[in-house]
Amino acid sequence: MSLRIVVCVKYVPDATGDRHFAEDLTVDRDDVDGLLSELDEYAVEQALQIADEADDAEITVLTVGPEDAKDALRKALSMGADKAVHVEDDDLHGTDALGTSLVLAKAIEHVGYDLVISGMASTDGGMGVVPAMVAERLGVPQVTLLSEVAVADGKVTGRRDGDAASEQLEASLPAVVSVTDQSGEARYPSFKGIMAAKKKPVESLDLSDLGLEADEVGLDGAWTKVDEATERPARTAGTIVKDEGEGGKQLAEFLAGQKFI
Amino acid sequence: MAEVLVYVDHVDGAVRKPTLELLTLARRIGEPVAVHLGAGADAAAPVLAEYGAVKVLTADAPEFADYLVVPKVDALAAAYKAVSPAAVLVPSSAEGKEIAARLAVRIGSGIITDAVDLEAGDEGPVATQSVFAASYSTKSRVTTGTPVITVKPNSAAPEAAPAAGTVEQLAVSFGELSTGTKVVSRTPRESTGRPELTEAAIVVSGGRGVNGAENFPLIEALADSLGAAVGASRAAVDAGWYPHTNQVGQTGKAVSPQLYIAAGISGAIQHRAGMQTSKTIVAINKDAEAPIFELVDYGVVGDLFEVVPQLTDEVKSRKG
Ligand SMILES: Cc1cc2nc3c(=O)[nH]c(=O)nc-3n(C[C@H](O)[C@H](O)[C@H](O)COP(=O)(O)OP(=O)(O)OC[C@H]3O[C@@H](n4cnc5c(N)ncnc54)[C@H](O)[C@@H]3O)c2cc1C
Ligand SMILES: Cc1cc2nc3c(=O)[nH]c(=O)nc-3n(C[C@H](O)[C@H](O)[C@H](O)COP(=O)(O)OP(=O)(O)OC[C@H]3O[C@@H](n4cnc5c(N)ncnc54)[C@H](O)[C@@H]3O)c2cc1C
């Protein structure tokens, strides 16, 4: 039996660019280039490794996002995923975490799955909540924030490095997994991979395909509302001294002046 | 007055500071009711009462330790049913956010994560978030259901405000999903005796410039002279010089101390995302062009191997 893996990938504004909010207080996506959230590359990588270990596996990458989000899917396909699903609908603009998890869960069920793999957090919203929400909605175990993951005999096992302890976890499939950036460097797409990706199928779905109504998602359906977004004044550069042999002492003087010593 | 559920983060009944901050913030929007799960409620209850908990709901069961996240969601959902609160506050730890996430889905409520401030508003609690590597500050509300809000450490100074703190047993029935993810084994982290990174008033971090695990004691010595926690950049962590649990930044810990000292760290956006809300920022870097200097209140352009030990000696002698 083939192992069906769905990898959730998000298309995000480049964090090294100058990110802004648009007039409706959603992320201004025209402002900055978008890309596959770097933390989701780790999810794709682990999916590829798990698929390699399995007798037979199929990896579907899934994104919920605007037209350009196809770029994120292409990147994942060129890394080696087999096919892609793009949930794209004008009514999705402004969807919050609850809504995103709803759409993802419906799309995952539509695709069919044994294992869902996500990143630890997006690099824009950075909430780190979507995988747990998807698990709750699908009614399957969450095996999240793993720095090591393996699948065998219908079970997923992994290591979760928390603040207080490092835990070894185990759950039966189907399950939702999320992986951290400690799980292993993601591979670069090869030239062959990039060429092959062009021929791989990308299925587009809209809300009606998933049996969802417009008012369940988007800004109107959002369960949270941003009332204000204020750009912080850039920190004004403070005192900078060049060490001429007394740098440590001068710094101590500053710290004492601020009552830290 | 409306009740506000506060999820208690503790180690065997030793309540962690972020929870005291939550109790303090909760009082701005209602009467805090603390939810204490697992062992140690007897030790925790008086502390929770001292910081304003009118009630402490407790439950202990092996499920909380033996299975991941979901049993705690079952318990928090039971508390939610018992109280019908105006809001649910959870500390913004990795686990806290996951508990909050599932609870929000279950009770049909919007969620806001990583709030750095909280106030009462006409239409419910208003949360301030610091986003896009702290380049923006937003104010948001939950518009559907009971606001579920996770709050970052160091968002408020804990203020005592003694309340009744009546302890009540919470009846929890665990759902089928609660035993879905088994914790097969747990290796506790060794304590360093230093303050928790996310809770510390002062953090001293080292980066690639520290140039080797064997040099990190230099950073530790400075930290110890100031009673600070030790942080590291991802470059230092990836090189294996310091444990990942000490990483500061987007994929590490977000810290917001009174004082942040960065030694041998360039100040990449992902690092800044985790420290830019620090009150006072100090950097030591030999490259005058390093982006970290754009943020600093005080910067020393120099070799950390010269500056850091001199600073440590000076701090020690001033402290006597
Ligand atoms: C600065 C900022 C702050 C925000 N704050 C809030 C808030 O407080 N409350 C709220 O409800 N919403 C908030 N949002 C909106 C929220 O980020 C989006 O709804 C988002 O799609 C879900 O959250 P996340 O990006 O933080 O994902 P996370 O929970 O951080 O994502 C974890 C993983 O889930 C998967 N994933 C997430 N989104 C998608 C997607 N669209 N397609 C495929 N896979 C995905 C990825 O694998 C990702 O690595 C905020 C957005 C921004 C930009
Ligand atoms: C998705 C993603 C997530 C990331 N998450 C994080 C994160 O959470 N935290 C994080 O830190 N990074 C993170 N990064 C990595 C980040 O982009 C940088 O690569 C990293 O922060 C660089 O670490 P550094 O400043 O120590 O090293 P470098 O950028 O190499 O800087 C070293 C600095 O040390 C100085 N130096 C060298 N020798 C000396 C000396 N003797 N005395 C004084 N100064 C000296 C140099 O001038 C230089 O400025 C992430 C990256 C990605 C893509």
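Helix 4 of chain B passes helix 5 of chain B in a right-handed crossing, a crossing being right-handed if the near helix is turned clockwise from the far one by less than a right angle, and left-handed if anticlockwise. In this predicted model, local features need pLDDT of at least 70 and side-chain atom pairs count only at pLDDT 80 or more, whereas totals for chains, interfaces and linings use all residues. Side-chain values use heavy atoms, with hydrogens and water left out, residues are numbered from 1 along each chain as its sequence is written, and chains are lettered from A and ligands numbered from 1 in the order in which they are written.

Helices (H or I, at least four residues) and strands (E, at least two) are DSSP runs numbered from the N terminus.

| Helix pair | Axis distance | Angle |
|---|---|---|
| Helix 4 (residues 70–83) of chain B and helix 5 (residues 94–107) of chain B | 9 Å apart | about 55 degrees |
| Helix 7 (residues 247–257) of chain A and helix 9 (residues 304–319) of chain B | within 7 Å | roughly 45 degrees |

Angles under 35 degrees count as roughly parallel, over 145 as roughly antiparallel, 65 to 115 as roughly perpendicular and the rest as oblique. Helix 4 and helix 5 of chain B are therefore oblique to each other. Val70(B), Leu76(B) and Tyr80(B) are among the residues of helix 4 of chain B that meet helix 5 of chain B, where the partners include Ile99(B), Arg102(B) and Arg106(B), contact meaning heavy atoms within 4.5 Å. By class, this contact of helix 4 with helix 5 of chain B has eight nonpolar, no polar and five charged residues; Ala, Val, Leu, Ile, Met, Phe, Trp, Tyr, Cys and Pro count as nonpolar, Asp, Glu, Lys and Arg as charged, and the others, Gly among them, as polar.

Arg102(B) and Arg106(B), together with Val105(B), are also in contact with Glu136(A), leaving aside the neighbours of Glu136(A) within four places in sequence. Glu136(A) sits in helix 4 (residues 130–138) of chain A and, at 13% relative accessibility, counts as buried, a term for under 20% relative accessible area, with exposed over 50% and partly exposed in between (1.4 Å probe, protein chains only).

Helix 7 of chain A and helix 9 of chain B are likewise oblique to each other, and their crossing is right-handed. The residues of this contact divide into six nonpolar, three polar and four charged.

Several backbone features of chain A also deserve attention. Leu145(A) has a positive phi of about 55 degrees although it is not a glycine; Leu145(A) lies in strand 7 (residues 142–152) of chain A and is buried, with a relative accessible area of 16%. Asp153(A), another residue other than glycine, has a positive phi near 50 degrees, but its place is in the loop between strand 7 and strand 8 (155–161) of chain A, and at 79% relative accessibility Asp153(A) counts as exposed. A cis peptide bond, with omega about 0 degrees, joins Leu173(A) and Pro174(A), and Pro174(A) lies in the loop between strand 9 (165–172) and strand 10 (175–179) of chain A.

Terms used. Axes are lines fitted to C-alpha atoms, for helices over the stretch in contact, and angles run from 0 to 180 degrees between N-to-C directions.
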